[in-house]
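Biologist: Hi! I'm new to this one. Could you walk me through it?
Modeller: Happy to, let's bring it up.
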Amino acid sequence: MSKKVLVAMSGGVDSSVSAYLLKEAGYEVVGAMMRFWPEEPPRPTLDIPHKERAWESCCTPEAAYEARRVAEILDIPFYLLDYRETFEEEIIQPFLKDYAQGRTPNPCARCNTFVKFGALLKQARRLGLDYVATGHYVRREGESLLRGIDPLKDQSYFLWGTPKEALPHLLFPVGGMTKAEVRALAERAGLPTARKPESQNLCFVAGDLREFLRERLKVRPGPLVDALTGEVVGEHQGASLYTIGQRKGLGLFKPHLERYVVGVDPLANVVYVGPREATLWLGLEGEEANLLAELPEEVEVQVRYRTPPVRAKVESLNPLRLRFTTPVFAVTPGQSAVFYQGERLLGGAVIRQGLYNLAGLEGKPQANALTFS
């Protein structure tokens, strides 16, 4: 009897080719798309006549139509699953809460953990399906996850929170392919998504993130404070709109000075800035850790999706603390610290705070309000 697999289809080329490959391999394939978008898009207003709607690039009714077309071509059943309530509770509300607390969240990682490989996998298992498959560029070998073959598309960074017990039930058909190979195969298979552009934005934010946050959070102007001297050096437009490491659009009184955001305190409505040295850290403390394997004494840690990993010594597990071998720029509370051993994904954690600042910020009382509490 063939194995049954639920393919999470987004209307893009990667999930389309995943469904195609699994059917070719003899699986009994069921396509499904999770509905996140609201009943109606925002309507234009007098001041913004052509207002962009959220859900612009993926997870839209148009994307559902594309996914359904692919399912028809492959002759597989397709279902639209209502996950609006789950997405609101697990992704959007925590996202807004983090920004309101001065943190910079990683909603894509959280979505994989709690929605795709959490709620969706549980639903698939209840329906008698053996696996859930996605179009992520990551490889699974046994109960280990490895980086995708394509270094430009590897998405293992976003899968650190995958529940370990879920691993035997997950399939990643395109993880051993490059993006160019995926598109070429889609062309040969006659899939209408072969040339569809990639989505780069958050699926629930159309346009400018700052505008999205400004509409949903009660922000007001406040002081920019030099974290090293305590001097007011400018005015910000709302503390929750800024992130660690940010250099542009700060509102400095002397804009020729090179200053970076080094701390955010929405409760006091203060944004702290400092020189580049103040953005460099030699360690971090993490929370909400998820370990897919036992951590060795030394790991490679990646604190942003597009930054290379650095070697780090695991100082303690409770609390989880790591010390880097080289300084790392803008270790940001709320972001993901992801651990590797070579190509193998070991797990990760949410960054609680940076440690061992090169400018000695941990000893500054004005910074203690948020970043180092």
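Modeller: One term before we start: Ala, Val, Leu, Ile, Met, Phe, Trp, Tyr, Cys and Pro count as nonpolar, Asp, Glu, Lys and Arg as charged, and the others, Gly among them, as polar. Also keep in mind that this is a predicted model.
Biologist: Thanks! So how do the residues lining the second largest pocket divide by type?
Modeller: Nine of them are nonpolar, seven are polar and six are charged.
Biologist: And how much space lies in the second largest pocket?
Modeller: About 440 Å³. The lining has 22 residues, and those closest to the pocket's centre are Asp-98, Arg-110, Phe-114, Glu-288 and Val-350.
Biologist: Which elements give two or more residues to that lining?
Modeller: Helix 3 (84-100), helix 4 (107-126) and strand 12 (280-291) do.
Biologist: Let's stay with helix 4. Where is its kink centred?
Modeller: On Leu-120, with a bend of about 30 degrees. Leu-120 is also one of the buried residues of helix 4, and others include Cys-111, Phe-117 and Leu-121.
Biologist: What follows helix 4?
Modeller: Gly-128 does, and its phi is positive, near 85 degrees.
Biologist: How many bridges pair strand 10 with strand 11?
Modeller: Five, in the antiparallel sense, with strand 11 covering residues 270-274. As an example, Gly-263 sits opposite Tyr-272 of strand 11.
Biologist: Now strand 16. Is that mostly covered or mostly uncovered?
Modeller: Mostly covered: strand 16 spans residues 336-341, and five of its six residues are buried.
Biologist: Which strands does strand 16 pair with?
Modeller: Strand 13 (residues 298-302) pairs with strand 16 in the antiparallel sense over three bridges, and Phe-339 is the bridge partner of Val-301. Strand 17 (residues 344-357) also runs antiparallel to strand 16, joined by six bridges. There, Tyr-340 has Leu-345 as its bridge partner.
Biologist: And what do strand 16 and strand 17 form?
Modeller: A hairpin, with two residues between the strands. Gly-342 lies in the turn and has a positive phi of about 65 degrees.

Note on methods:
Residues are numbered from 1 along each chain as its sequence is written. This is a predicted model: local features need pLDDT of at least 70, side-chain atom pairs count only at pLDDT 80 or more; totals for chains, interfaces and linings use all residues. Side-chain values use heavy atoms; hydrogens and water are left out. On a 1 Å grid over the protein atoms alone, a cavity is a set of points where a 1.4 Å probe fits but cannot get out, and a pocket is an open set with protein on both sides within 12 Å along at least five of seven lines; lining residues have an atom within 4 Å of a point. Grid points are joined across faces, edges and corners, and a volume is the space filled by probe spheres set on the points. Helices (H or I, at least four residues) and strands (E, at least two) are DSSP runs, numbered from the N terminus. Two strands pair if DSSP finds at least two bridges between them. The bend at a residue is the angle between axes fitted to the seven residues ending there and the seven starting there. Buried means under 20% relative accessible area, exposed over 50%, partly exposed in between (1.4 Å probe, protein chains only).
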